[in-house]
Each structure stands twice: as structure tokens, then as C-alpha cells.
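Visitor: I have a structure open and would like to learn to read it. Where do we begin?

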Amino acid sequence: MRPPSWALIAEELSPVLGKSGDPIRSQPVGGGCINEAYVLSRGKRSVFVKTNAADQSPMFEAEVAGLEALRETETVRIPEVYASGVTGSHAWIAMEYLSMSRARQNSQEELGRQLAGLHRVTQSHYGWERDNTIGSTPQRNSPRKDWVEFLREERLRFQFSRAVQRGGQFEGAGELLDRLGEFFGDYDPLPALLHGDLWSGNVGFTRGGQPFIFDPAVYFGDREAEFGIIEMFGGFGAGFYQGYAAEWPLDPGFDRRKDLYLLYHQLNHFNLFGSSYGPSVRKSIRRLLSRLEENRA
């Protein structure tokens, strides 16, 4: 895809970039696999811009809503969104440019504490006000009062169905979905506000060591679900877990359930990137079914 018309986008961003005679500069930024990203500058002012095809504008609209929902909590720092729109063949979203630096000694602990604060923001039901995406996969957020039903229908069954359409075969998936409630016999989670896609690539630290998060897939769900992709890719040090536990320790049954939340992201990666994620999906299913049998014994 050709680069977008930066002059037109810069005009939309003139309240931030100004209208001086300085030339517009665009610098590609690596790290993403769904969108193209740039730092757009005029003089000493810069903004971060993500672009995609024009028909992907609903994805950016949902991202704007998610960033604003997180930002309103005043718990974890969230880049400010300046504008979004469609210009020619490109959809785009522009936000505050935060230069990344190394985490300082207590940065990970601070992130853990702030995330626990975010999770204390609740509502009466699971889901969200709109559907959004996890990567580029649709993420359904139809409101439900029952967490097991939400997890089964809006998360796992939806991803399994897409995976089967892509040729995936997962023995035991039906049994796991049928028995999902057995993981929650003595645990009734609150609908917590989640970032939804919190892996190390969606976390940064300012030069002062302050953590900030971005690229969300927001919804209200079991706070344990936030740890699914964290467990998948790592990148969070012991201080992060210590900081979270100091504010709000996880339920003792988390170790039995965490593979459920890992499984959601494994399935999504199967659907996004192909069969190389199949073995990890099957391994998680076997491990979860084994835990159910151990509980019966």
C-alpha cells in the first residue's frame, strides 16, 4: 500500500502539529504486524500515527473508544488520542507520541500496582458497549451476566469456530466447552475493566520510568483473563507480579484456570498466523481436561 497523504493528515492534526512553514516529516516505526506505524513531525512537534486500509476504520474507531475508556480511569498512563479518520485509501489514528526507554528498577512493580487499580473498575455485566478486535480478529462483546457463558460463547467457541474453518482439528474442545463451569465452582469473578491484549509489546516506559499501555482490546471480564497473553509471551518481571499482588492478590484457583485464558490467545494466533500454533492449542486443551479429571478424583 502506498503511504498516506501526510499533508492532508497533518492538516487534520494542525491543532497539535501547528501550521508553521516547517516541512512534514514521516518516520516509519517497526514492531507491529497488523497496522503500519509512523512518527509524524513538524518542527519540534511529533505525533504517533497508525494506518491501515480505509475499510479498517471501524477497528480504529473501537480502538479510540477503548483508549478513552482506559484513560478515564486515571490508573495507568494511556497515550492521548488526538484524532482519527479516513483520508483517501487510508484509515488512521493519531495519538500522543511517547518516546520509549528502559524500565527503571521499580517500573514493573508500578505497572502491576496500576493494573490492579484498573481492574477495580467494574460494571454490572461482562462484555462492552461495542465489539472490537483482538489483533485483526473480531472480538465480540455482547453483554452477558454470566461469566462462564460469556467465556464459552463470546471468547472460546467463537475462536474455535474460526479455527475449524481454517482447518484446525482439536480433540477434546467440545468436552472442554461443556465442562467449563467446573473451573468456576467456587469462584465468581467481578466484571473488571481489562486492557484485553496486554503483552510486553503493548507496554512502554517513559524516560522517567513511568509505564504506559496501548493497543487495547477492551472489555469487562474476569481480571484473571488479563494474564492469558502475559503468560503466553512473558516479558513481565517478578516486580510486576509483586506489585499486582500487593494491591489485589489473585484467587488461589488461578493456576487451575490460567490455561483457559492462555488458550483464547493461542487460538487467536492460530487464526491470525497459522497452524504453527496448533500444537500449543492442543497441549492446553489436554492440560485443562487433565485438571478437570484430577479435580474429580
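**Reading helix contacts**

Guide: Start with handedness: helix 5 and helix 9 make a left-handed crossing. Keep in mind that this is a predicted model.

Visitor: At roughly what angle do helix 5 and helix 9 cross, and within what distance do their axes come?

Guide: The crossing angle is roughly 25 degrees, and the axes come within 8 Å. Angles under 35 degrees count as roughly parallel. Helix 5 is therefore roughly parallel to helix 9.

Visitor: Which residues make that contact?

Guide: Helix 5 (residues 147-165) supplies Trp 147, Leu 151, Arg 155, Leu 156, Gln 159, Phe 160, Arg 162 and Ala 163. From helix 9 come Leu 260, Tyr 261, Leu 263, Tyr 264, Leu 267, Asn 268, Phe 270 and Asn 271. Sorted by class, the contact of helix 5 with helix 9 has 11 nonpolar, three polar and two charged residues.

Visitor: How do helix 9 and helix 10 pack, parallel or antiparallel?

Guide: Read the angle. Helix 9 (residues 254-273) and helix 10 (residues 278-296) pack at about 155 degrees, and their axes are 9 Å apart. Over 145 degrees counts as roughly antiparallel, so helix 9 and helix 10 are roughly antiparallel to each other. Their crossing is left-handed.

Visitor: Which residues of helix 9 and helix 10 meet?

Guide: On helix 9, they include Asp 255, Arg 256, Leu 260, Leu 263 and Phe 270. On helix 10, Val 281, Ile 285, Arg 287, Leu 288 and Arg 291 are among them. The contact of helix 9 with helix 10 divides into nine nonpolar, five polar and five charged residues.

Visitor: What is the handedness of the crossing of helix 4 and helix 8?

Guide: Helix 4 and helix 8 cross in a right-handed way. The axes of helix 4 and helix 8 (residues 238-247) come within 6 Å, at roughly 40 degrees. That angle makes helix 4 oblique to helix 8.

Visitor: Which residues of helix 4 and helix 8 meet?

Guide: Helix 4 brings Gln 108, Glu 109, Leu 111, Gly 112, Arg 113, Leu 115, Ala 116 and His 119. Helix 8 brings Gly 239, Phe 240, Gly 243, Tyr 244, Ala 246 and Glu 247. The contact of helix 4 with helix 8 holds six nonpolar, five polar and three charged residues.

**Reading burial**

Visitor: Is Gln 108 buried or exposed?

Guide: Check relative accessibility. Under 20% counts as buried. Gln 108 is at 17%, so Gln 108 counts as buried. Gln 108 sits in helix 4. Beyond four places away in sequence, Gln 108 touches Phe 205, Gly 235, Phe 236, Gly 237, Gly 239 and Phe 240.

Visitor: And Leu 118, buried or exposed?

Guide: Leu 118 is buried, with a relative accessible area of 1%. Leu 118 also belongs to helix 4 (residues 107-119). Leaving out residues up to four places away in sequence, Leu 118 touches Leu 70, Thr 73, Thr 75, Leu 193 and His 195.

Visitor: How many residues does the largest nonpolar core have?

Guide: The general idea: in soluble globular proteins, nonpolar side chains tend to be buried together. Here the largest nonpolar core has 67 residues. Those with the most contacts inside it are Leu 156, Phe 160, Phe 170, Phe 184, Leu 260, Leu 263 and Ile 285. Take Leu 260: its contacts, not counting residues up to four places away in sequence, are Leu 151, Leu 156, Leu 176, Leu 180, Phe 183, Phe 184 and Leu 288. A second, separate core has 12 residues, including Trp 6, Leu 13, Val 47 and Val 49.

**Reading backbone angles**

Visitor: What is phi of Glu 74?

Guide: Most residues other than glycine have a negative phi. Glu 74 has a positive phi, near 55 degrees. Glu 74 lies in the loop between helix 3 (57-72) and strand 4 (81-87). At 74% relative accessibility, Glu 74 counts as exposed.

Visitor: Where is Asp 215?

Guide: Asp 215 is in the loop between strand 10 (211-213) and strand 11 (219-221). Phi of Asp 215 is positive too, near 50 degrees. Asp 215 counts as partly exposed, at 24% relative accessibility.

Technical notes: Residues numbered from 1 in each chain as written. Predicted model: local features only at pLDDT ≥ 70, side-chain atom pairs only at ≥ 80, totals over all residues. Heavy atoms only, no water. Axes fitted to C-alpha atoms, helices over the stretch in contact; angles between N-to-C directions. Helix = DSSP H or I, 4+ residues; strand = E, 2+ residues; numbered from the N terminus. Parallel < 35°, antiparallel > 145°, perpendicular 65-115°, else oblique. Left-handed = near helix turned anticlockwise from the far one by under 90°. Contact = heavy atoms within 4.5 Å. Nonpolar A, V, L, I, M, F, W, Y, C, P; charged D, E, K, R; others polar. Buried < 20%, exposed > 50% of the residue type's maximum accessible area, 1.4 Å probe, protein only. Core = buried A, V, L, I, M, F, W, Y, C linked by side-chain atoms within 4.5 Å.
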